[in-house]
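Here is my friendly note on the two-chain model you passed along.

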Amino acid sequence: MTLDTDFDAIVVGSGISGGWAAKELTEAGLKVLILERGKPLEHGKDYTGEHTPPWETPFRGKPLRDLYKEEYPIQSTSYAFGERNRHFWNNDKENPYVQNPDKPFLWNRADVVGGRSLLWGRQVYRWSDIDFAANKRDGHGIDWPIRYKDVAPWYSHVEKFIGVTGQAENLPQLPDSEFLPPMEMNAGEKHLKSAVESSFPERNVIMGRAAILTQPHNGRGACHYCGPCHQGCSAGAYFSSQSSTLPAAVKTGNLTLRPNSVVSSLEHDPVSKKISAVNVIDSQTKESMRFTGKLVFLCGSTIGSTQILLNSQSEAYPNGLANQSGALGHYLMDHTNGLGAFGMIPGMMDRYYSGNRPNNIYIPRFRNLDGQDSDANFVRGYGFQGLAMRGNWSLQQKMIPGFGAHLKYALRQPGPWFAALMGFGETLPQYKNSMLLHSSKVDRFGIPQVAFDFEWSENENKMREDVSKQSVAMLKAAGGQFIISGQEIEAPGGAIHEMGTARMGHDPSESVLNAHNQAHNIDNLFVTDGAAMTSSSCVNPSLTYMALTARACDYAVKQLRAGTI
Amino acid sequence: MLEIVGELPMNRREAIKSLGIALGLSLSPALVRALSNPELSVHEKPLDQQYAKLIEVLSELVIPTTDTPGAIAAGVPEFINGIVSNWYTPAERDIFLSGLVDLNAEAQQQYGAPYVDLTEGQQILLLEAAELAASEYQSDDGMAMMLNLDEDLSPFFIKLKELVIVGYYTSEIGASQELNYNPMPMSYKGDIPLTDVGRAWAVDGPL
């Protein structure tokens with residue numbers, strides 16, 4: 001048997017971006033190889049924690065503290081991590097990076113086919129021209145080489161396939177998607193909406209937009225509202241590459257998927273000025289392998305893709321592949337994240353809900369939209385994800401004193417309404433915020449470990465103060481009591497919206513990629529995950545990765561057919 | 001369930017492995033090691049017999065049998081045994097076991113009998129005293145949304161109450177007989193009369 005090592009296209013990574021690259025390229029007729037560093041995972045069959053009742057969960061869901069501290073100290077900081085899906089996640093001990101205790105950076109990673117598309121929060125929002133023009137407007141960072149009109153048809157293309165629940169709102173800062181029917185707000189959220197919108201006419205409280213099916217769509221089942229999507233969904237009701245793009249790519253007969261394949265570097269041919277090979281280490285056998293393809297798409301996540309580029313050094317690119325600008329690894333961004341405010345909302349004690357809605361409410365950005373707000377001491381803006389719920393036994397157990405029958409009867413009834421607003425703030429692209437390869441520490445494959453040098457700056461800290469102040473004001477407007485406001489931003493990386501480090505731009509002297517996610521001067525190399533982002537917006541980025549990936553695939557295939565690649 | 005209760009077979013490690021396989025859990029070697037390390041579990045048999053009856057009595061005092069089953073029927077004592085034997089750190093275990101010893105000592109001193117032999121009224125008085133003794137304690141993780149991996153040095157009563165409540169409402173009886181449990185709701189109705197549901201949901205929301 002001869003191993004097939006030559007393909008039309010090689011896609012690195014099988015998550016949100018890689019799945020889309022595989023689907024688009026195979027459907028265009030290309031023979032595609034996906035290289036995924038994680039373990040194999042079979043859709044449905046390997047969702048072993050799906051629908052597990054609490055009484056069958058080890059220690060009823062209590063964290064295995066010694067194990068998590070020893071082997072998952074980073075991953076276990078995520079709300080989505082637990083025993084029912086631990087097998088989806090990276091083992092921090094086996095796959096370490098260099099953590100500077102003075103400047104912590106959280107790098108959440110999956111370690112299976114499907115990547116973080118299995119674990120993501122599923123919120124999808126289009127970026128607007130307020131986002132794409134932000135750098136140009138205030139001078140922080142370089143201008144995006146694209147605008148909303150370039151991406152809009154690709155947003156539609158992606159949304160029609162993945163299925164997006166939501167409500168059209170006609171807001172300039174948050175363009176509408178192609179929507180499936182929206183989910184419903186509960187009584188507490190309806191009250192919050194009406195109170196906030198009447199007290200603050202320029203603000204909107206809208207139903208969250210999510211890549212979850214509210215009706216059957218493209219052969220996938222509708223949501224059954226069991227709740228915790230991140231344990232896997234064998235109905236395929238939320239978008240993951242496992243449920244959607246990978247099966248579509250498999251159907252073409254053009255896909256080869258190779259798990260356990262750690263890409264160490266890319267080879268650059270100085271004569272053709274193209275990528276000539278992809279070097280791989282099999283994570284199980286430690287065998288080194290080499291694959292070739294006419295096109296190479298890096299979709300290994302922001303940090304993962306740039307790690308590969310930084311580790312691909314040659315005479316032409318001594319500081320990392322496609323790094324003639326010196327921008328590679330720099331301008332790393334995340335969203336500021338953390339509790340805005342949490343409080344009790346009196347009233348509505350006769351209203352309740354049924355079903356576990358895997359979606360939230362959203363307050364789109366309202367700061368600095370038409371120029372700089374006179375009362376804002378920061379640039380850009382933030383949005384809120386939020387929810388209202390009635391107190392349950394878990395939330396209320398410490399609020400009800402005593403024990404015995406009265407405690408049991410008290411917990412039998414749902415408690416008062418609570419509302420929470422979580423702020424997500426835009427981070428400025430700054431050269432000093434970066435990832436790099438450590439000079440001596442290597443991983444178990446001999447690949448230099450990633451290190452981070454990232455700190456929140458003054459703008460993020462001032463924005464954070466406003467997040468706190470405005471969220472408290474909105475809960476107060478809704479009659480909120482006992483309001484708790486978060487005072488600190490989580491460590492960077494905590495929003496798991498890391499972006500930048502191989503940014504797009506007009507000018508090869510200050511950017512890594514052109515307007516088509518194509519490396520400047522390396523025609524067959526594309527980077528279409530979060531690494532490509534030139535600014536961070538304040539809305540969730542994954543939908544934009546998908547749209548940019550599909551757009552880049554279309555461009556690459558046309559160039560390939562025209563003979564220009 | 002991975003709670004190790006009752007008598008364990010001779011080979012502890014093998015027993016845990018087979019439990020894991022039966023549950024379809026992917027047990028890493030480190031987890032097997034952690035769970036089967038005798039040093040992590042002071043008590044070879046989960047908890048001494050002398051505590052077993054006491055934990056039953058206390059569980060039922062916190063969540064008694066009413067028109068629905070109480071803590072004992074829901075398996076709370078077994079859950080507590082599992083947590084105290086195999087999940088607590090030595091310091092946490094020490095607080096909990098010392099609390100049991102103290103209750104018995106108080107019972108002897110005030111009423112001249114072990115706690116389990118007191119009248120329910122006497123038992124309640126002593127447990128209320130334990131609650132009062134714990135009332136000064138301020139937890140800083142009340143609203144924590146993330147997993148808390150830190151050791152929890154809260155006093156005995158807080159530990160007892162938390163264990164009984166978690167053990168009860170995450171049990172099949174507590175979730176589906178005392179509260180409402182619907183693993184497959186098929187729809188989300190956001191704004192309905194409470195009377196349509198009746199009791200609180202045992203599992204609530206996307207987490």
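1. Let me start with a helix pair in chain B. Helix 5 (residues 90-111) and helix 6 (residues 120-134) of chain B have axes that come within 11 Å and cross at roughly 130°. That makes helix 5 of chain B oblique to helix 6 of chain B, since angles under 35 degrees count as roughly parallel, over 145 as roughly antiparallel, 65 to 115 as roughly perpendicular and the rest as oblique. The crossing of helix 5 and helix 6 of chain B is right-handed (the near helix is turned clockwise from the far one by less than a right angle). Axes here are lines fitted to C-alpha atoms, for helices over the stretch in contact, with angles running from 0 to 180 degrees between N-to-C directions.

2. Which residues of helix 5 of chain B meet helix 6 of chain B? They are Gly99(B), Leu103(B), Glu106(B), Ala107(B) and Tyr111(B), and they face Gln122(B), Leu126(B) and Ala130(B) of helix 6 of chain B. By class, this contact has five nonpolar, two polar and one charged residues. Contact means C-beta atoms, placed from the backbone, within 7 Å; Ala, Val, Leu, Ile, Met, Phe, Trp, Tyr, Cys and Pro count as nonpolar, Asp, Glu, Lys and Arg as charged, and the others, Gly among them, as polar.

3. A word on provenance. This is a predicted model, in which local features need pLDDT of at least 70 and side-chain atom pairs count only at pLDDT 80 or more, while totals for chains, interfaces and linings use all residues. Residues are numbered from 1 along each chain as its sequence is written, and chains are lettered from A and ligands numbered from 1 in the order in which they are written.

4. Ile55(B), Glu56(B) and Ser59(B) of helix 3 of chain B make the contact with Val76(B), Pro77(B) and Ile80(B) of helix 4 of chain B. That contact has four nonpolar, one polar and one charged residues.

5. Now chain B as a whole. It holds nine helices and one strand, in the pattern α-α-α-α-α-α-α-α-β-α along the sequence. Helices (H or I, at least four residues) and strands (E, at least two) are DSSP runs, numbered from the N terminus. Of the 207 residues of chain B, 34% count as buried (20 or more other C-beta atoms within 10 Å of a residue's own; exposed is 12 or fewer, partly exposed in between, with C-beta atoms placed from the backbone).

6. The interface comes next: 59 residues of chain A are in contact with 56 residues of chain B. Helix 2 (65-71), helix 6 (187-199), strand 9 (351-354) and helix 10 (405-412) of chain A each supply at least two residues of the side that touches chain B. Helix 2 of chain A gives the most, with seven residues. By class, this side of chain A has 28 nonpolar, 15 polar and 16 charged residues.

7. Do look at the strand pairing between the chains. Strand 9 of chain A and strand 1 (residues 189-193) of chain B run antiparallel and are joined by three bridges (strands pair if DSSP finds at least two bridges between them). Arg351(A) has Pro193(B) as its bridge partner.

8. Chain A also has an open sheet of six strands, ordered 3-10-11-12-8-15, with antiparallel pairing. Strand 3 and strand 15 (481-485) of chain A are the edge strands, each pairing on one side only. Two bridges join strand 3 to strand 10 (residues 361-363) of chain A, where Met207(A) is partnered with Ile361(A). Helix 11 (residues 458-477) of chain A lies across strand 8, strand 11, strand 12 and strand 15 of chain A, at about 15° to strand 8 of chain A.

9. Finally, which phi does Gly446(A) take in the hairpin of strand 13 and strand 14 of chain A? Gly446(A) takes a positive phi near 85°, in a hairpin with five residues between the strands.

Key: Two residues are in contact if their C-beta atoms, placed from the backbone, lie within 7 Å.
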